[in-house]
Amino acid sequence: MSNSESYPPEFRPLMSEKSTETGLDRSKDIDIPVIDMEHLDMEKLREACKDWGIFHLENTGIPLTFMSQVKEITESVLSLPFEEKRTLFGVNSPLSYYWGTHTVSPSGKAVTRAPQESSGHLFEGINIPLASLSRLLALSCTDPKLESFRVVMEEYGKHVTRIIVTLFEAIIETLSLELSGDQKMGYLSESTGVIRVQRYPQCTESPGLEAHTDSSVISIINQDDVGGLEFMKDGEWFNVKPLASSFVVGLGDMMQVISDEEYKSVLHKVGKRMRKKERYSIVNFVFPDKDCMFNSSRYKPFKFSEFEAQVKLDVETHGSKVGLSRFLSNP
């Protein structure tokens with residue numbers, strides 16, 4: 001099997017086109033803050049959240065040998081033939097396979113987008129609701145590849161959940177907010193945690209992932225050494241240079257509301273650029289409980305389920321997410 005056959009059929013003609021450098025993204029390099037989780041500097045964390053909305057997180061306590069396992073099994077599963085992935089992660093699976101759109105609900109269902117002038121985003125992914133991984137056990141017994149993937153992702157989810165809880169509590173401390181146990185559980189709902197593993201073809205001029213903010217509280221990104229992640233600061237696009245053995249943390253829309261806009265969600269994308277090899281990323285999204293109520297001086301009171309429903313409607317109607325501006329108390 002050629003490598004192209006592991007990608008969706010509509011990707012293959014674009015992957016074989018002769019590449020030029022016309023229209024490629026020319027974002028600038030910049031060093032984003034680096035936060036040491038082993039020795040948390042609260043002032044440095046506050047500045048990273050307030051001034052950047054994105055930072056590297058290192059010394060997280062995940063063994064490097066395990067991270068190598070995660071990389072190996074992710075690349076192995078995403079490199080399976082296209083039709084096999086569709087079957088493995090089809091209607092009977094709690095996991096779902098998607099391609100060409102980043103607008104995927106926490107349950108893994110791709111949202112139908114209104115037609116746009118610009119399309120053709122070349123990447124594919126597997127949506128993994130952490131609360132549903134145990135349901136994969138019955139299906140994975142007959143497929144060693146699926147069983148290995150389930151075991152590794154389940155362990156990875158536990159590691160990242162530990163990181164998220166510690167980091168969230170530290171960020172809340174930088175805001176001098178006092179939250180009850182129920183509020184913390186609502187903001188970091190275990191029932192809605194999602195991991196998405198994604199792959200981008202090499203040498204393509206098509207956009208990888210359009211500019212957007214995440215609907216999450218926090219997003220934890222494990223990008224490989226290929227790079228490609230970009231973010232906007234002060235009206236300019238900058239590259240997030242890969243830093244070995246670290247994660248990239250991005251603040252999401254719900255953190256912007258929790259902080260009453262003291263911290264902003266980060267606008268980011270995977271740009272249109274030449275890649276010498278495939279790009280892989282693993283993203284953990286921390287969503288609130290659907291019934292979690294948000295109250296802020298800058299926004300009308302809303303439940304997270306209402307925000308999700310509005311995002312879905314905007315994508316279906318306009319082709320893209322409008323976001324928090326829909327909920328401003330004084331638009």
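Predicted model: local features only at pLDDT ≥ 70, side-chain atom pairs only at ≥ 80, totals over all residues.
The strands come first. Eight of them form an open sheet in the order E2-E3-E11-E8-E13-E6-E5-E4. Pairing within this sheet is mixed. Strand E2 (34–36) and strand E4 (96–99) are its edges, and each pairs on one side only. From one strand to the next, the twist averages 25°. Strands of a sheet pair through backbone hydrogen bonds, either parallel or antiparallel. Strand E6 (residues 194–200) and E13 take the antiparallel sense, with seven bridges between them. Within this pairing, Val194 has Phe285 of E13 as its bridge partner.

Four elements each supply at least two lining residues: helix H3 (64–78), strand E8 (218–223), strand E11 (246–251) and strand E13 (279–286). H3 gives the largest share, seven residues.

Ser245 sits in the loop between strand E10 (236–240) and E11. Its relative accessibility is 53%, so Ser245 counts as exposed. Glu261 likewise has a positive phi, about 70°, without being a glycine. The loop that holds Glu261 runs between helix H8 (253–258) and E12.

Charged side chains were examined next. Across the whole structure, the search finds 19 salt bridges. One of them joins Glu43 and Arg46, with the closest N and O atoms 3.0 Å apart. Both residues belong to helix H2 (residues 42–51). They are three residues apart, about one turn of the helix. Glu43 counts as partly exposed because its relative accessibility is 40%. Arg46, at 24%, also counts as partly exposed.

A second salt bridge brings together the side chains of Lys184 and Glu169, at 4.0 Å from N to O. This pair links distant parts of the chain, 15 residues apart. Lys184 is in helix H7 (residues 181–187), and Glu169 is in helix H6 (residues 144–174). Lys184 has a relative accessibility of 30% and therefore counts as partly exposed. Glu169 is also classed as partly exposed, at 39%.

Glu230 and Lys269 form a further salt bridge through their side chains, again at 4.0 Å from N to O. Glu230 lies in strand E9 (residues 229–233) and Lys269 in strand E12 (residues 268–270), so the bridge ties together parts that are 39 residues apart in sequence. Glu230 and Lys269 are both buried. Salt bridges with shared partners also build one network, made up of Lys85, Glu124, Arg199 and Glu278.

Terms used. Residues numbered from 1 in each chain as written. Heavy atoms only, no water. Buried < 20%, exposed > 50% of the residue type's maximum accessible area, 1.4 Å probe, protein only. Pairing = 2+ DSSP bridges. Axes fitted to C-alpha atoms, helices over the stretch in contact; angles between N-to-C directions.
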